[in-house]
Amino acid sequence: QVRLVESGGGLVQVGVSLRLSCAASGSTLSNYAVGWFRQAPGKEREFVSAISRSGGSTYYIEDVKGRFTISRDNAKNTVSLQMNSLEPADTAVYYCAASTTGSFVDYDYWGQGTQVTVSS
């Protein structure tokens, strides 16, 4: 079983960058595909991005393509989400999740989330 802890959220202004980190313990993160999700107030949780076990394959939703970059450092047991050119619509609690099957669709373990607020 893997435990995930997100960090790096905060209150920022439009156009700036943030880097979120997802740190794993209890298991080797390279055994899992990892995804980032977000949930804005009053909305359902939304898939944002995912990365394969090796890091060789990534996926982004259209709204963040070209602005967000997902990466992983398996030696450090971490996955990061670099978020550039932040917009108010990016305001949400961001969660990382791990998939034991390596799928970008089904996730078994979740972190507690980190708040990102983008102020205009």
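**Close-up 1. Strand β8 and its cover.** Strand β8, residues 78–83, is mostly covered, with six of its six residues buried. Buried denotes under 20% relative accessible area, exposed over 50%, and partly exposed the range in between, computed with a 1.4 Å probe on protein chains only. Strands (E, at least two residues) and helices (H or I, at least four residues) are DSSP runs numbered from the N terminus. Thr78, Ser80 and Gln82 point one way from β8, whereas Val79, Leu81 and Met83 point the other way, and all are buried. The model is predicted: local features need pLDDT of at least 70, side-chain atom pairs count only at pLDDT 80 or more, and totals for chains, interfaces and linings use all residues. Residues are numbered from 1 along each chain as its sequence is written, and side-chain values use heavy atoms, with hydrogens and water left out.

**Close-up 2. The open sheet that contains β8.** Four strands form an open sheet in the order β1-β3-β8-β7, with antiparallel pairing. Strands count as paired if DSSP finds at least two bridges between them. At the edges lie β1 (3–7) and β7 (68–73), each of which pairs on one side only. Neighbouring strands of this sheet are turned by 15° against each other on average, direction ignored; the axes are lines fitted to C-alpha atoms (for helices over the stretch in contact), and angles run from 0 to 180 degrees between N-to-C directions.

**Close-up 3. Bridge partners across the sheet.** Five bridges join β1 to strand β3 (residues 18–25) in the antiparallel sense, and Leu4 stands opposite Ala24 in β3. Strands β3 and β8 also run antiparallel and are joined by six bridges. Ser21 has Ser80 in β8 as its bridge partner. The antiparallel pairing of β7 with β8 comprises six bridges, with Phe68 opposite Met83 in β8. The hairpin of β7 and β8 has four residues between the strands, and Asn77 takes a positive phi near 60° there.

Close-up 4. Under a criterion of cysteine sulfur atoms within 2.5 Å, the count comes to one disulfide. Cys22 and Cys96 form this bond, with their sulfur atoms 2.1 Å apart. Cys22 lies in strand β3 and Cys96 in strand β9, so the pair ties together parts that are 74 residues apart in sequence. The torsion about the S-S bond of Cys22 and Cys96 is about 65°, so the disulfide is right-handed. Cys22 is buried, at a relative accessible area of 0%; Cys96 is likewise buried, at 0%.

**Close-up 5. Aromatic pairs around Phe37.** The structure holds six aromatic pairs. Rings of Phe, Tyr and Trp (its six-membered ring) pair if their centres lie within 6.5 Å; planes under 30 degrees apart count as stacked, over 60 as edge-to-face and the rest as tilted. Phe37 and Phe47 form an edge-to-face pair, 5.4 Å centre to centre with 75° between the planes. This pair links distant parts of the chain, ten residues apart: Phe37 belongs to strand β4 (residues 33–39) and Phe47 to strand β5 (residues 46–51). Phe37 counts as buried at 9% relative accessibility, and Phe47 is buried with a relative accessible area of 18%. Phe37 and Tyr107 form another edge-to-face pair, 5.1 Å centre to centre with 85° between the planes. Here the partners are 70 residues apart, with Phe37 in strand β4 and Tyr107 in the loop between β9 (92–99) and β10 (109–110). Tyr107 is buried, its relative accessible area being 12%.

Close-up 6. Ring pairs link Phe37, Phe47, Tyr59, Tyr107 and Trp110 into a cluster. The charged end of Arg45 sits over the ring of Phe37, 5.8 Å from its centre. Arg45 also lies over the face of Trp110, at 3.8 Å from the ring centre. A charge is taken to sit over a ring if NZ of Lys or CZ of Arg is within 6 Å of the ring centre and within 35 degrees of the ring normal.

**Close-up 7. Asn31 and its contacts.** Asn31 is found in the loop between β3 and β4 and is partly exposed, with a relative accessible area of 44%. Asn31 and Arg53 are 22 residues apart in sequence and 6.1 Å apart in space, C-alpha to C-alpha. Not counting residues up to four places away in sequence, Asn31 touches Arg53, Ser99 and Thr100, where contact means heavy atoms within 4.5 Å.
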